Each structure stands twice: as C-alpha cells, then as structure tokens.
Amino acid sequence: PDARLRTIAKPVKQIDNTTRKIVADMFETMYEAPGIGLAATQVNIHKQIITIDLSEEKNQPLCFINPNILSKEGTQCIEEGCLSLPDVFEKIERAERITVQALNQQGEDFTLTTDGLLAVCILHEIDHLKGKLFVDYLSSFKRQRIRKKMVKNQRQKTL
C-alpha cells in the first residue's frame, strides 16, 4: 500500500548519462533483489524506464525506455509475483504474444515481438509505469486479503 506505486511515469525526453546511470542502478537493484524485471516507478523514479533479464546467468539485460505496445495477440495465464509485493503470487491472464516499440539505453529505437514469460514481464512492468499493479487484475476479495497481508508485514517490520 505505497502511493508512489500508483504514480504514472513520464516519458524520458533525453537519453543522456543521467538516464544511463538510472538504468545501470536499476539493473543492479533488480539483480540484487533478486528479480527478473523492474520499472523505474518501483524505485521512486517516475520515468518510463524498464529493465528485464530472464536469463539464469543474469547476462541478457534488456532495457525499454518509453515502451509502447503496438499489438497483442492471444491469451496466457501465468503465475506472477512482484518485487513490490513480496511473497504474493497469483495467476494473471495477459496477452500471449506482443510487439513492443521502445528505446534502449543508447537511445536507439527498436521493435521486439515476443511471447511467453518475456511478454508477461514486459506487460507487467509497463503496468507499473501506468500506476497499475498485477493485483489490480484480481477480485476485490483477493486484493483486500493481499492488502491486509502487506499492512501486517509492514507493521511487523516497524516493531
């Protein structure tokens, strides 16, 4: 229940050394967590930046700046988790195949068509940029149960 996660990220206007430093820090944070994806809003930077690495070796980093979904096809239901909601995992229905257009950390425009876990991860992180969490796809009962769990965990950490 952190209001910062509901903030809508602004487009990156210029990719410079400051932006590249943010991207590098995000990869470091994501790997340390450990996680497979991170949106800038999760680290209180409200810019449209996403980092992803699905590889076991953590050597296939992907950066999406100002990502835009061009197309979605089919549906798949995969259990999702989130670094912002530790120990919460739920099955969420998302598109099976997507095409996304974005800039990389060098400012180069690219388009990627992908499916499976990478598609889910991209959609999940883009939701963060829009102030949306994966639990928003759940019933109000499930969301309420998860919220109570998060509040309880937060209280226990402060004791």
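Arg94 forms a salt bridge with Asp127, with 2.9 Å between the closest N and O atoms; a salt bridge here is a side-chain nitrogen of Lys or Arg within 4 Å of a carboxyl oxygen of Asp or Glu. This pair links distant parts of the chain, since Arg94 lies in strand β5 and Asp127 in helix α2 (residues 116–129), 33 residues apart. Helices (H or I, at least four residues) and strands (E, at least two) are DSSP runs, numbered from the N terminus.

The model is predicted: local features need pLDDT of at least 70, side-chain atom pairs count only at pLDDT 80 or more, and totals for chains, interfaces and linings use all residues. Residues are numbered from 1 along each chain as its sequence is written, and side-chain values use heavy atoms, with hydrogens and water left out.

**Salt bridges**

Arg94 counts as buried at 6% relative accessibility, and Asp127 is buried as well, with a relative accessible area of 8%. Buried means under 20% relative accessible area, exposed over 50%, and partly exposed in between (1.4 Å probe, protein chains only). Arg94 and Asp127 also belong to a network of salt bridges that includes Glu80. By the rule given above, the count comes to eight salt bridges. Three of them, among them the pair already described, are listed here.

| Pair | Closest N and O atoms |
|---|---|
| Arg94 and Asp127 | 2.9 Å |
| Glu90 and Lys142 | 3.3 Å |
| Arg4 and Asp2 | 2.6 Å |

Glu90 forms its salt bridge with Lys142. That pair, too, links distant parts of the chain: Glu90 is in strand β5 (residues 85–94) and Lys142 in helix α3 (residues 140–158), 52 residues apart. Glu90 is buried at a relative accessible area of 12%, whereas Lys142 is partly exposed at 31% relative accessibility. In the salt bridge of Arg4 with Asp2, Arg4 is partly exposed at 42% relative accessibility and Asp2 is partly exposed with a relative accessible area of 32%.

**The five-stranded sheet**

An open sheet of five strands has the order β1-β2-β3-β6-β7 and antiparallel pairing; two strands pair if DSSP finds at least two bridges between them. At its edges stand β1 (37–39) and β7 (109–115); each has a single partner strand, so one side of each is left without a neighbour in the sheet. On average, neighbouring strands of this sheet are turned by 40° against each other, direction ignored. Axes are lines fitted to C-alpha atoms, for helices over the stretch in contact, and angles run from 0 to 180 degrees between N-to-C directions.

Antiparallel strands β2 (residues 49–52) and β3 (residues 62–73) are joined by four bridges. Within this pairing, Thr51 has Cys63 in β3 as its bridge partner. Helix α1 packs on the sheet and touches β1, β2 and β3, its direction making about 40° with that of β2. Contact means heavy atoms within 4.5 Å. Ile49 stands opposite Ile65 in β3. On the other flank, β1 and β2 run antiparallel and are joined by three bridges, with Gly37 opposite Ile52 in β2. Both faces of β2 are covered: Ile49 and Thr51 are buried on one side, and Ile50 and Ile52 on the other.

Thr99 is located in strand β6 (residues 97–103) and is buried, at 13% relative accessibility. Its side chain makes a polar contact of 2.9 Å with the side chain of Thr113. A polar contact is a pair of N or O atoms within 3.5 Å; within protein, one must be able to donate a hydrogen and the other to accept it, and residues adjacent in sequence count only if both atoms are side-chain atoms. Neighbours within four places in sequence aside, Thr99 is in contact with Asn68, Ile69, Leu70, Ser71, Thr111, Leu112 and Thr113.

Val12 belongs to the segment before α1 (17–32). Val12 is buried, its relative accessible area being 10%. The C-alpha atoms of Val12 and Gln48 are separated by 6.1 Å, although these residues are 36 residues apart along the chain. Gln48 is one of the contacts of Val12 beyond its neighbours within four places in sequence; the others are Thr19, Lys47, Ile49, Ile65 and Asn66.
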